[in-house]
Amino acid sequence: MDYMKRKTREYEQLKSEWALRACPEDLEFVSGMVLKDVLRTDRAHPYFAGSEDSAHLLALRDLLVTYAVTHPRISYCQGMSDIASPILAVMDHEGQAYVCFCGIMKRLEANFQPDGLAMALKFRHLRLLLRRADPEFHSYLASRGADDLLFCYRWLLLELKREFSFDDALRLLEVSWSSLPPDPPAAEVELTDPRPPPPDPPRAMVRPAGPRLRLEGGRVPPGPRPGRSAPAPVLAPPPGAGAEAGGG
């Protein structure tokens, strides 16, 4: 517990540094993207139900914004709120949930990279598995032009989290995440990205709009894409983040 208490204090310090780590325009943009997703993530579950300014929704928002500003190479993409929400609901503690989220994102962040290479590999593996396990069904999909399996995009991106009820998804994620190959940190879970930011990015947290994944033949699957979206409201910055943190 001493470890988690120390890491929680580290998280609170990072959360107070939003305005130091991102310019007001970037912070306003990423906060708006996060907030739009938070307001529609698992709202039917009692933990996230209620008013839009509930403590649990604010905690999920702050957790994801802090991750975005401390990990500029990946920032925030649609779907991350679905990974973070069950962790927060189980831990019921914002700082501890952030530590766990950083730990699982160390394994899953490749799914959200703009180059889409990890997701393309997952699709290749899934097609090979289906062809071997059920060649008749694979042939049927091929005859219908559906053998690219693009309908599985959300399944692969979110670890099947949205395909089950919240409680069933918790059980599934516990099994699947605990079954991943062990990859313990050398010393402790890093709460920031130790790598330098991308060279000369036009904006630290806003990637050019465009698909993150192209399959064979240039096909683009549906699903979350990085880039600018419609403006969204921005909640007040956390205490200590400074007047600039709200982007005006």
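Which helix holds Gln96? Gln96 is found in helix H6. Helices here are DSSP runs of H or I with at least four residues, numbered from the N terminus.

## Model and confidence

This is a predicted model, in which local features need pLDDT of at least 70, side-chain atom pairs count only at pLDDT 80 or more, and totals for chains, interfaces and linings use all residues. Residues are numbered from 1 along each chain as its sequence is written, and side-chain values use heavy atoms, with hydrogens and water left out.

pLDDT is the predictor's confidence in each residue, from 0 to 100. The protein chain has a mean pLDDT of 83. Of its residues, 77% reach 70 or more. Contact means heavy atoms within 4.5 Å. Where pLDDT is low, the predicted coordinates should not be read in detail.

## Gln96

Gln96 is buried, with a relative accessible area of 15%. Buried means under 20% relative accessible area, exposed over 50%, and partly exposed in between (1.4 Å probe, protein chains only). Leaving aside neighbours within four places in sequence, Gln96 contacts Met1, Met4, Thr8 and Met91. Lys5 lies 91 residues from Gln96 in sequence, yet their C-alpha atoms are 8.1 Å apart.

## The nonpolar core

The largest nonpolar core has 56 residues. Such a core is a set of buried Ala, Val, Leu, Ile, Met, Phe, Trp, Tyr and Cys residues joined through side-chain atoms within 4.5 Å. Leu64, Met80, Phe101 and Met105 have the most contacts inside this core. Several helices each supply at least two of its residues, including H1 (2-15), H4 (55-70), H6 (94-108) and H10 (166-178). The largest share, 9 residues, comes from H4.

Met80 touches Leu64, Ile74, Ser75, Phe101, Met105 and Phe112, not counting residues up to four places away in sequence.

## Helix H10

H10 has 13 residues, which should span 18 Å at 1.5 Å a residue. Its end C-alpha atoms are 18 Å apart, which agrees. The expected span is 1.5 Å times one less than the number of residues.

Phe166, Ala169, Leu173 and Trp177 of H10 are buried. They cover an arc of only 50° around the axis, so they sit on the same side of H10. The arc is that of the directions from the helix axis to the C-beta atoms. On the other side, Asp167, Arg171, Glu174 and Ser178 are exposed. The buried residues of H10 pack against H5 and H6.
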